[in-house]
Amino acid sequence: MKQLHSIFAPPAARPSPHQSPSPSQSPRALAVLAVAVVLLSACANPALRQADELVRSNQLPQAYELLEEARKQEPNEHNLRAAQLRVRSQIVSRLLLQIEGLRSAGRWDEGREATQRLREMDPKHPRLAWFDAELERGQRQEATLVNARALLREGKLERAEALGREILAESPQHPAARLLLSQAAQARPLEAQNTEMGPAFQKPVTLEFREAPLRQVFEALARSSNINFVFDKDVRADAKVTVFLRNVSLDEAMRVVLSTQQLDRKLLNESSVLIFPNTSAKQREHQELITRTLYLTNADVKQVQAMVRTIAKVRDIHIDERLNLMVIRDTPEVMRLVEKLIASVDLPEPEVMLEVEVMELATDRVDELGLKWPDQVQFGLPGVTGQVEIGARNSFRGTVANPAVVATIRGSSGNVNILANPKIRVRNHEKAKVHIGQKLPVFTTTTNFTGSTSVAASVSYLDVGLKLDVEPTIQLDNDVVIKVGLEVSNLIRQVTGPGGTTAYEIGTRMTSTTLRLNDGETQILAGLINDEDRRTASGIPGLSGLPVIGSLFGVRNETRAKTEVVLLITPRIMRNLNLPDAALTRMAGGTDASPGAFSSLLRANAKVGVAPTGGNAMLGSGSGSSNRPAAAAAPTAAEADREAMLQLDVTPQVAAGGTVAVTLKNSSGLTIKGELEFDPSKLQPAQAMAGASTGRYPVELAPRGDKVVVLRALPAANGQVLNIGVGGLSASGLNGETATVRIDGSGLLAVEAAR
């Protein structure tokens with residue numbers, strides 16, 4: 001400390017109280033003073049040096065605790081407070097990144113611990129509440145997703161899709177929920193996407209009724225399927241139906257009968273259905289409505305409102321432009337259609353980075369060579385102005401301007417390269433403008449002669465320099481269509497107008513074009529050339545224009561100026577349009593009267609015949625009518641088994657390294673033989689069996705029998721979609737009769753990527 005005092009104020013250099021330091025000594029004294037203050041501060045607070053060493057060794061919590069202890073001992077030390085705030089800011093930044101990573105990886109408990117550390121470090125941080133809500137929501141969505149996958153494996157597609165849509169309502173870009181909906185859509189054909197009502201309604205039935213009362217038909221369905229039917233009071237008791245249905249599900253039979261009788265249904269529970277007239281009044285009375293709030297991320301809420309009203313014909317809809325949300329009230333079927341429509345259009349817009357280089361290449365050269373002779377010769381009295389006497393003519397002298405001859409030898413040249421290299425990120429179909437230059441003021445005066453004369457002046461600005469306007473359109477094939485407008489202007493000279501106003505003479509070169517470029521392709525636009533060549537001569541008339549010796553009698557001036565504007569533009573696509581899954585772009589729309597309603601289509605193997613009430617068609621009757629022809633008799637068991645059906649059910653999604661259950665079910669009275677086919681490099685049997693190395697496992701199913709084969713997903717299958725099929729099928733009966741085999745079900749399998 002004594003050395004510091006001696007440096008700060010040596011005895012020999014210390015001024016007296018009445019002596020001021022010299023100007024040359026003042027900066028030096030201030031510098032010495034600053035160094036001394038820093039050294040004194042370091043000596044007074046050794047915790048700063050220790051904390052700095054801890055920060056360099058990446059021990060931020062220890063550095064923060066050290067500074068906290070030092071501040072308790074010296075609470076008024078501002079350097080400790082500033083250092084502590086810097087360390088806390090670094091800790092908070094790292095905690096934010098850590099919480100984001102843990103949330104993305106699904107490590108919820110560790111994320112909560114990191115959030116608690118952030119709360120202890122900065123209790124008033126604005127993102128604390130958001131992190132708490134997101135962690136709770138993410139864990140809840142993960143549990144919901146596990147339940148949805150279990151329902152999907154059990155074949156309960158409707159309930160699995162409902163859970164997936166609940167997740168997407170909260171997180172529209174949730175990848176696992178989108179994959180779940182895509183797998184559910186692939187598990188069934190398009191026309192059957194809205195027909196599932198539960199396992200009890202999928203039981204196969206055969207109906208043969210002619211002029212039978214409607215309630216008798218439903219009574220037969222109730223006895224054969226244990227389903228309860230409740231009729232509205234306005235359903236006509238005398239309604240009759242003639243129908244022949246073979247090999248259809250109970251759900252399909254209900255929809256066919258109801259559609260021919262202008263009736264509709266409402267599911268009360270898993271085994272009870274309400275039947276009511278399909279009128280607008282009854283629809284309002286019995287149809288259950290739901291209300292959902294949908295938040296849009298990218299799409300414009302007004303445009304989506306117009307689309308939903310046109311396609312889905314929703315009943316009640318309200319939008320909030322401030323929050324970009326939409327509130328809809330309608331039936332569950334319409335709501336499902338609206339959600340898919342919004343998911344297909346609520347996509348982020350493409351963006352492109354335009355790398356632009358604008359160069360103005362200018363070259364000028366001036367050559368001036370020759371002898372400048374006097375252009376005036378005087379004869380008179382030197383130094384006399386005014387009138388002179390004629391008698392003094394002997395004193396007249398001839399004179400020229402001094403110097404009499406001037407030799408001019410001058411040449412100049414110059415090269416100018418003005419480069420502008422802006423990088424512009426633009427959204428699709430949006431305009432971007434670039435102006436590099438200056439604004440020239442132009443004054444305008446207005447004189448008013450009414451009463452007393454007054455002059456008013458105003459100023460406007462004129463843009464001079466480089467103006468570039470671009471408007472990109474990004475194509476799905478990664479091409480970019482760009483509308484380009486380029487204008488380059490420069491100041492030529494200033495012009496003074498009436499009343500002292502100022503104007504400018506501007507030189508302008510401009511071009512506009514539309515071009516299509518690939519991603520990363522560079523296009524050059526050039527040819528905007530201004531070439532100026534001037535030649536002037538001044539001197540003795542006649543002699544200065546001679547070809548060779550003209551420079552001896554005058555001065556020749558040659559000026560050559562050339563400028564060219566070159567534009568280079570390179571588009572680089574930052575984000576293109578990510579097309580949604582096929583499950584969101586192709587969907588059943590119901591009928592014109594009932595958008596999103598259940599489809600009336602039957603399965604491909606179903607056979608149906610329907611006649612209006614009172615018709616003459618002779619069809620099978622459930623009461624065993626004897627007047628029907630033999631051709632209309634009920635099919636025998638042998639005829640029913642001419643086409644054997646093999647039901648294939650595969651676990652739709654498994655984790656990396658998980659097991660896959662392949663269920664084969666024979667629903668016919670014949671014996672079915674075939675081979676289970678799979679990729680042996682990506683799947684292997686859980687237990688040793690024949691044909692495992694070649695991916696072909698022979699199977700044999702007894703009449704009405706089933707079989708389950710368990711496969712294991714290998715590491716090579718991680719993140720892929722596999723197909724499991726059955727080939728070499730044949731069906732035979734006890735008496736040697738054969739039949740064709742039809743496969744019902746999907747063999748698609750999605751293997752999750754390993755984390």
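**Helix pairs and sheets**

Author: From H7, Arg 137, Arg 140, Gln 141, Thr 144, Leu 145, Asn 147, Ala 148, Leu 151 and Leu 152 meet Leu 157, Arg 159, Ala 160, Leu 163, Ile 167 and Glu 170 of H8. This is a predicted model, where local features need pLDDT of at least 70, side-chain atom pairs count only at pLDDT 80 or more, and totals for chains, interfaces and linings use all residues. Residues are numbered from 1 along each chain as its sequence is written, and side-chain values use heavy atoms, with hydrogens and water left out.

Reader: What do the labels H and E stand for?

Author: They are DSSP runs numbered from the N terminus: helices (H or I, at least four residues) and strands (E, at least two).

Reader: How many residues of each class are in the H7 and H8 contact?

Author: The contact of H7 with H8 has eight nonpolar, three polar and four charged residues. Ala, Val, Leu, Ile, Met, Phe, Trp, Tyr, Cys and Pro count as nonpolar, Asp, Glu, Lys and Arg as charged, and the others, Gly among them, as polar.

Reader: At what angle do H7 and H8 pack?

Author: About 160 degrees, with the axes of H7 (residues 128–153) and H8 (residues 157–170) 8 Å apart. Axes are lines fitted to C-alpha atoms, for helices over the stretch in contact, and angles run from 0 to 180 degrees between N-to-C directions. H7 and H8 are therefore roughly antiparallel to each other. The scale is: under 35 degrees roughly parallel, over 145 roughly antiparallel, 65 to 115 roughly perpendicular, the rest oblique.

Reader: And is the crossing of H7 and H8 left-handed or right-handed?

Author: Left-handed. That term applies if the near helix is turned anticlockwise from the far one by less than a right angle, and right-handed applies if clockwise.

Reader: Now H13 and H14. Which residues meet there?

Author: Val 304, Met 307, Val 308 and Ile 311 of H13 meet Val 338, Leu 341, Ile 342 and Val 345 of H14. By class, that contact has eight nonpolar, no polar and no charged residues.

Reader: How do the axes of H13 and H14 cross?

Author: At roughly 140 degrees, and the axes of H13 (residues 301–311) and H14 (residues 332–345) come within 11 Å. That makes H13 oblique to H14. The crossing is right-handed.

Reader: Changing topic: what is the strand order in the sheet with E8?

Author: The order is E6-E8-E7, an open sheet of three strands with antiparallel pairing. Strands pair if DSSP finds at least two bridges between them. The edge strands, E6 (290–295) and E7 (316–320), each pair on one side only. The twist averages 15 degrees from one strand to the next.

Reader: How many bridges do E7 and E8 pair over?

Author: Five, in the antiparallel sense, with E8 covering residues 325–330. Asp 320 has Leu 325 in E8 as its bridge partner.

Reader: What about the sheet with mixed pairing?

Author: That open sheet of three strands has the order E2-E5-E4. E2 (228–231) and E4 (263–269) are at the edges with a single partner strand each, so one side of each has no neighbour in the sheet.

Reader: Last one: where is confidence lowest and highest?

Author: Lowest in H1 (residues 2–8), at a mean of 37, and highest in E7, at 92. The pLDDT is the predictor's confidence in each residue, from 0 to 100.

Notes:
Contact means heavy atoms within 4.5 Å.
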